[in-house]
Amino acid sequence: MTPPSSVESEADDESAAQAGQPVVTADALATHLVCPRQYEFAFERPLSARKTSTDRVRDRRRQLLRRSIIAGLRSEADSDEGRVEAALEWLNHEWRQASAGDRQPYIADAQEQYDANALAAAVEAYFENGGHGHAERLVEADTVVSYERDGIRYEATVDAVVERDRGYLGIRYVPTLHGVLQVSWSDTHVREFVDGQSYYPRQIGSFVRAGVAIRGLKAEYGFDLPCDFAYVAPLAESRPAYESESGVRVDVEQRHFEDAFEEETRDLVDLIEERAAAIGDGKTDPRAWRFENITNSACQYCAYRDACPDRMGAELAFIDREPTRGERGERGEIDD
Ligand code: SF4
């Protein structure tokens with residue numbers, strides 16, 4: 001049976017501007033933070049990103065996980081088992097659809113089978129570790145929350161909005177927490193980033209996404225209500241487990257941003273508005289924004305690096321420069 005088409009495609013960046021009002025999405029802000037030119041390539045020019053098989057596996061995991069979980073959350077099943085069954089049915093359906101495409105990211109059948117089993121185990125583990133509670137208190141799934149400030153509408157897509165005893169929780173499902181800010185490290189992440197004491201733009205981008213979502217939740221459900229945003233990673237860790245039926249054991253992790261948001265609201269809001277102004281003013285030249293940091297780190301992960309004149313120019317200009325981390329073979333973990 002084909003499951004009902006209750007899960008829409010991801011709505012990031014797709015929400016219509018209201019009566020010509022400028023709209024800035026959390027995705028656009030997070031990308032502009034990493035590199036203004038990358039933002040231009042991703043959001044303003046029809047330039048296809050070059051994706052490695054690792055990129056395609058990562059994208060596939062995120063989309064299949066979120067869609068299957070959302071199907072489970074929305075299911076009208078009257079038991080926990082029925083809800084998990086609905087999610088797994090969706091996963092099975094979506095997996096077959098994804099596998100029917102021309103460009104498969106897997107090198108070997110065993111790798112594909114392992115990933116299929118890992119995703120199924122992750123969906124089950126999520127529902128066993130809080131997902132049923134989310135389903136019972138679900139307000140909306142796959143939605144956009146937004147707020148307005150100084151004539152700009154800020155939007156963030158959230159995969160689920162759940163009512164808490166007091167206030168609301170927005171959730172984004174990601175396979176792992178790679179690239180998500182470790183909020184316990186400091187109370188001044190944004191200040192350190194802005195002052196140039198630290199440079200981890202992808203993680204600060206994850207905080208920006210959380211901040212836009214929390215402000216959007218407050219604007220939509222009540223400014224006086226405490227609101228939270230969490231990245232939930234049902235595939236945070238996975239390893240073969242020959243004793244289990246699926247052959248894979250997974251760990252679910254989640255990271256909440258309510259406390260960090262309260263702690264750093266002023267700096268975070270300033271950063272969001274400063275980057276929104278840069279987007280509005282068409283500032284896409286990376287040489288005006290941490291270019292040395294960008295060429296030392298962001299370029300090595302960038303899907304546009306083969307076509308980017310700024311990166312090529314930097315390569316030619318810095319013939320005697322120190323090799324980047326990537327050139328030294330220190331490529332880190334991929335984002336989720
Ligand atoms: S290759 Fe580097 S400079 Fe060019 S868009 Fe990507 S991150 Fe920016």
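How do the residues of the shell around the ligand divide into nonpolar, polar and charged? The structure is a predicted model, in which local features need pLDDT of at least 70, side-chain atom pairs count only at pLDDT 80 or more, and totals for chains, interfaces and linings use all residues. Residues are numbered from 1 along each chain as its sequence is written.

The shell around the ligand holds nine nonpolar, one polar and four charged residues (Ala, Val, Leu, Ile, Met, Phe, Trp, Tyr, Cys and Pro count as nonpolar, Asp, Glu, Lys and Arg as charged, and the others, Gly among them, as polar). The ligand is surrounded by 14 residues, the closest being Cys35, Cys299, Cys302, Cys308 and Arg311; a residue is near a molecule if its C-beta atom, placed from the backbone, lies within 6 Å of it. At least two residues of this shell come from each of α2 (36–44), α9 (291–301) and α10 (309–317), where helices are DSSP runs of H or I with at least four residues, strands are runs of E with at least two, and both are numbered from the N terminus.

Helix α7 (residues 201–221) and helix α8 (residues 258–280) have axes that come within 10 Å and cross at roughly 100 degrees. Axes are lines fitted to C-alpha atoms, for helices over the stretch in contact, and angles run from 0 to 180 degrees between N-to-C directions. By class, their contact has ten nonpolar, one polar and no charged residues.
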